[in-house]
Amino acid sequence: MSAAAEPLLRVEDLRVSFPTEDGVVHALDGVSYEVARGGTLGIVGESGSGKTVCALSTMGLTRGQGAEVSGRILFQGRDLLALSERQLRSLRGGEIAMIFQDPLSALHPLFKLGAQVAEAVRAHQHVSRAQARARALELLELVAIPEPGQRANAYPHELSGGMRQRGMIAMALANEPKLLIADEPTTALDVTVQAQILALLARLQRELGMAIVIITHDLAMVAEMAQQIAVMYAGRIVEKAPAELLFSAPQHPYTWGLLRSIPTLERPRDERLAAIPGAPPSLIERPSGCHFHPRCPYARPAHARIDPALQPLAGRPQHSVACLLEAPERARIWSELRAGRTPAPAAETASGAKGSDEAAGLTAAQRRR
Amino acid sequence: MTRYIVRRLLWGALLLVLVSALTFLLFRILPTGEPARLRAGRNASPGVVAAIRVDLGLNRSLGEQFWMYMKGIFLHLNLGYSYYSSASVRGLIADRLPATISLTVGAAAIWLLSGLAVGILSAVRRGSKLDRAAMGTALVLISAPEYWLGLIALYLLAADIGRLRVFPGAGSYVGLTSDPWKWLTSLILPWLVLAAGNAAVYARLLRGSMIETLQEDYIRTARAKGLSERRVVLRHGLRTAINPVMTILGLDIGVLLGGAVLVETVFDIPGIGRLNYEAIAHSDFPIVQGTVLLAALFIIVANIVVDIAYAYLDPRVRFS
Amino acid sequence: MSAGAPLVQVRGLVKHFAVTRGIVLKRTVAVVRAVDGVSFEVMPGETLGLVGETGCGKSTTVRLMMRLLEPSAGEVRFDGRDVTHARGAQLKALRREMQMVFQDPYSSLNPRKTVGAIVGEPFAIHHLEPDRAGRRRRVRELLEMVGLSPERYDRYPHEFSGGQRQRIGIARALALGPRLLIADEPVSALDVSIQAQVLNLLRELQSELGLTLVFISHDLSVIRYMCDRVAVMRAGKIVELASNEQLYGAPRAPYTRELLASVPGARRDRRTILG
């Protein structure tokens, strides 16, 4: 791969765990992904998938809480996990910026919006207060806030949800970051405002050449925004692919479950939503082997013992999946599901099934390096 | 915001009127003794008692008496006359007020600064040895009675009777205008004693408030902006965490201005608290009535100031 | 769905909140029209959807329907009986027939009561099933009906997940055998993979028990899945009221079209995305 194609961010085997009163929370269990310069990665997951911890650890924001972090996070070639706190701080809000889910609680309630944006500018640039303030107004205009002068003097609770989120985005853009991490950026907003914010992010990305990582539970949103999608479940990435491939030929049963259980405008009304039974597992006591096996309709007994590794598909290396089912089996099941039929589980031959299960994954002992 | 302030001021004025009426009830209607005789003190001549009767208008209707009383307070600031001390209550209070104010304000400054410092450090280093030691000490100081602390302080450090003769002993208070240096040094021990328990309370309060604040989302945003940890804690965290502390400070000062009896007694400072205590001991009725009204006044004012300050500190409150 | 008398009739429903000024003597200077003249009917057995953005008045409307708030004007009729002016025993009787499921499963259940107590409370309030054993049996039946194990009768809410708590809320709402169930954003606070479970449960219960359902959501896709007819609300008024096919196929009001266009994925080629 040439230097130009070197990804902006490359995460390698990231593991994060926290000690808590109830036990050790294994938030991330060997997560690897890449973000291209100017590209968009969507990380999709529900509560307890570890997606937010993924974002926070990129910025080093998990450090204060007694977290144990291992692996590598390479940003423009530098390993962020090896940096000192001071070096990380110069990156945070500078080349890597983050916006959070609920702008009402993510903005300081007692400082005016303009002051908060100006503070972001002064954190990384040696400018006077007046210059910072002028830059803040520019940024507010950039994110299409009408009457930026007035809004800058308002407190967050005096603004609408959409304005607040635009304000957060303005704050994040203060130092022209190369990477923007957006953690559920539109979940707390109305649908029309959501559309505006997503359009804004897309426009800013084009204008500034910024890479974006969008973290969300909303598959429709990543379908619209992302080029690459990673689906997370219980601290692991279970499937990773370019957007078109993920939706046209999904490989992991969890992905199938998500796609079939989410109502969309296009589905005919009498097509019943196929719910995934059970609930997402706690990260303290995760199921053994494949974390999804208790909820997977196609799981076999061996899946409780073997951890699936995230592996590229034969013939399509940009599409990876962590599943112990064989590729042809998966293709069969998906084509049945797509046609609206319930697939029959394949007959399990003693040797054949076992052999491919072990080929697709490593034993539990091997995983726990 | 102005509407908010005006509303609070009007309420405050109304409260003052109500409180004055209440003191009328407490000191004129309820006591079982004859009002004039109660005020005349012991061993009063009949002439004095008769004069007081006229003064209070006891021969008139209750309504007229009430009106005279309210007029007296609000128009003439007349709080009565103490026959025991042969002085107007207002005069006596005016004499003693500066000492109480000096004591209260100085102690407040000390306990606020020390309480804040300890509270912030404990919150930031939660669970560490420093935190545990600080909170343990705080517990001891809260539990220690003021007069005990005061006597220990005198025993150890007073110039006249102490082991290490560092500070002036009890009874050495002088007014600020007469001798500033002596004024200052004579107040250091009383300040420390009065501040000790309060500093402990504030440290614990701020620690709790700070720990809660530091878990809020906007603190995470501040860190994500790349701000130094110090700025995050002191500017973003403290700004919110300090609000409940400021409101309590206002009330504490309001109450203390009504007289810090224990400390004033131990250190023999001529303040309002002592005045009140002595008046009770000598059954000097008018003084007690006057100091009660004064204390109520301070608390009402403190409440108003605190409400306004809170609205200033937290803009979200202004709409109520 | 038979043609016939509507189960609920709402006519000209209005709710104003006054904005006052003045320091001592307050005078009303402005009025917030949370609900500003809303009229619709709910036919027995159907699912009516109320959809709109924050502040459009959908939650206020259903609370007015149930008399949890007093309307400023207008009337609500349930099965021909006047709800708006009912009092005392009449109101209580009406309340038995309309019940509500709330949005937040974490705050709508009393954390200090066991699940059995929570689901059994309606019986106590309305003086039904005085026999303790009978009540227990009824509660266990209800728990089973919503897909929860009846053995967990004595557990506390915090021992359940969000989706399970929402089921408890549904069981509680169904305890008295209401004819009308109002669901106010029942799945918005749940994980996506759980939402489908609760939505399917509601559909099943509706057909099993012959319920009429009023379903509120801000999510147009969920409304499309659940509702027969849909009312779009904005600023306290109904902007469009149409059948499911009509609303999603050929929306008339510009606001409806704006909402539909804002749904993520709406702009991409519909065939390639999401199967």
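How many Å separate the centres of domain 1 and domain 2 of chain A, taken over C-alpha atoms? The answer is 31 Å. Before I go on, a word on what we're looking at: it's a predicted model, where local features need pLDDT of at least 70, side-chain atom pairs count only at pLDDT 80 or more, and totals for chains, interfaces and linings use all residues. Residues are numbered from 1 along each chain as its sequence is written, while chains are lettered from A and ligands numbered from 1 in the order in which they are written.

Okay, the domains. Chain A is assigned domain 1 (9-232) and domain 2 (235-271 + 283-368), with bounds from an automatic or database domain assignment. At their contact, 24 residues of domain 1 of chain A meet 21 residues of domain 2 of chain A; contact here is C-beta atoms, placed from the backbone, within 7 Å. On the domain 1 side, β2(A) gives the most, with 10 residues. By class that side has 15 nonpolar, 7 polar and 2 charged residues (Ala, Val, Leu, Ile, Met, Phe, Trp, Tyr, Cys and Pro are nonpolar, Asp, Glu, Lys and Arg charged, the others, Gly among them, polar).

So where does β2(A) sit? It belongs to an open sheet of 4 strands, ordered β2-β1-β4-β5 in chain A, with antiparallel pairing. Elements are DSSP runs, numbered from the N terminus: helices are H or I with at least four residues, strands E with at least two. Pairing takes at least two DSSP bridges between two strands. β2 (23-35) and β5 (78-79) of chain A are at the edges with a single partner strand each, so one side of each has no neighbour in the sheet. β4 (residues 68-75) and β5 of chain A pair over 2 bridges, and Phe75(A) has Arg78(A) as its bridge partner in β5(A). Across β1 (9-20), β2 and β4 of chain A lies helix α1 (residues 51-58), at about 70° to β2(A). For angles, axes are lines fitted to C-alpha atoms, for helices over the stretch in contact, and values run from 0 to 180 degrees between N-to-C directions.

Over to chain B. The axes of α5 (residues 89-124) and α10 (residues 229-257) of chain B come within 11 Å and cross at roughly 150°. α5(B) and α10(B) are therefore roughly antiparallel, a label for angles over 145 degrees. Their contact has 11 nonpolar, 2 polar and no charged residues.

Last stop, chains C and A: the contact takes 33 residues from chain C and 34 from chain A. α6(C) supplies the largest share of the chain C side, 7 residues.

Technical notes
Angles under 35 degrees count as roughly parallel, over 145 as roughly antiparallel, 65 to 115 as roughly perpendicular and the rest as oblique. Two residues are in contact if their C-beta atoms, placed from the backbone, lie within 7 Å.
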